[in-house]
Amino acid sequence: MKLILLGPPGAGKGTQAKRLEDKYGFVQLSTGDMLRAAVAAGTETGKKAEAIMARGELVPNEVVVGIIAERIEQPDVAKGYILDGFPRNVAQAEALDEMLKGKGTALDAVVELVVDDRILLQRIETRAAETVGGARADDNAEALKKRLAVYHEQTAPLSAYYKGKGRLKAVDGMKEMDEVTRQIEAALGL
Ligand code: ADP
């Protein structure tokens, strides 16, 4: 199962991806996690990405496309994977399509967690308050708002992109977490 989880910051993609990973063995591939690991390790990629991420902007497409291209070659993703945080714009989606085509394969589904913006802004304020001086440099209110704005501008058009390809499955991300998991499983026929 090759899957994309789509949805704005704070929609619960990470939580749901983790659950699918634990239950079905599909590997969660989070470009955000991979980039944070690169920053922590002080690699060239990390050095390039650090300030951009702290502002809530997108790192260059070739960086994340390269990371994903390498990662999906690893043997541990044989049962499938869940892309979390990638693709984030149409150019990345096109690069992914090309990459998979080159391997003679394609995505199985794109699940969008649909959430209300006003609730997200509330969650954002809470998350920012809880993580003051915390683990993520981009969990301050300003960077979170920027991430939400970037989502609307660059990532939201992916719903139409995948709808056009007949791949999109929308799930109500406002329900409680277990119910969201059930809806994702139903949408995927799991
Ligand atoms: P969120 O919790 O906002 O969904 P992520 O952990 O997925 O955040 O990503 C954190 C940051 O990492 C983003 O704001 C961006 O700077 C960078 N990033 C992650 N994935 C991508 C991507 N596919 N393209 C460009 N930048 C990315």
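**A first look at the model**

Glu 185 and Lys 23 join their side chains in a salt bridge, with 2.8 Å from N to O. This pair ties together distant parts of the chain, since Glu 185 belongs to helix α9 (residues 177-188) and Lys 23 to helix α1 (residues 13-24), 162 residues apart. Please keep in mind that this is a predicted model.

**Salt bridges**

- In total, the structure holds 14 salt bridges.
- As a general point, side chains of opposite charge can pair when their charged atoms come close.

**Where the ligand sits**

- The ligand takes up the space of the largest pocket.
- There are 19 residues around the ligand, and those that come nearest are Thr 31, Glu 57, Gly 85, Gln 92 and Arg 147.
- By residue type, the shell around the ligand divides into 7 nonpolar, 4 polar and 8 charged residues.
- Helix α2 (residues 31-41) supplies the largest share of this shell, with 4 residues.

- Thr 31 places a polar side-chain atom 2.8 Å from a nitrogen atom of the ligand.
- For Gln 92, an N or O atom in the side chain is 2.9 Å from a nitrogen atom of the ligand.
- Arg 88 also has a polar side-chain atom by the ligand, 3.1 Å from a nitrogen atom.
- How much of the ligand's surface does the protein bury? Taken alone, the ligand exposes 550 Å², and the protein buries 96% of that.

**A cis peptide bond**

- Between Phe 86 and Pro 87, the peptide bond is cis, with omega near -5 degrees.
- You can find Pro 87 in the loop between β3 (81-84) and α5 (90-102).

Conventions
Residues are numbered from 1 along each chain as its sequence is written. This is a predicted model: local features need pLDDT of at least 70, side-chain atom pairs count only at pLDDT 80 or more; totals for chains, interfaces and linings use all residues. Side-chain values use heavy atoms; hydrogens and water are left out. A residue is near a molecule or strand if one of its heavy atoms lies within 4 Å of it. A polar contact is a pair of N or O atoms within 3.5 Å; within protein, one must be able to donate a hydrogen and the other to accept it, and residues adjacent in sequence count only if both atoms are side-chain atoms. Accessible areas come from the Shrake-Rupley method with a 1.4 Å probe; for residues, only the protein chains shown count as cover. On a 1 Å grid over the protein atoms alone, a cavity is a set of points where a 1.4 Å probe fits but cannot get out, and a pocket is an open set with protein on both sides within 12 Å along at least five of seven lines; lining residues have an atom within 4 Å of a point. A molecule sits in a cavity or pocket if more than half of its atoms lie within 2 Å of its grid points. Helices (H or I, at least four residues) and strands (E, at least two) are DSSP runs, numbered from the N terminus. Ala, Val, Leu, Ile, Met, Phe, Trp, Tyr, Cys and Pro count as nonpolar, Asp, Glu, Lys and Arg as charged, and the others, Gly among them, as polar. A salt bridge is a side-chain nitrogen of Lys or Arg within 4 Å of a carboxyl oxygen of Asp or Glu.
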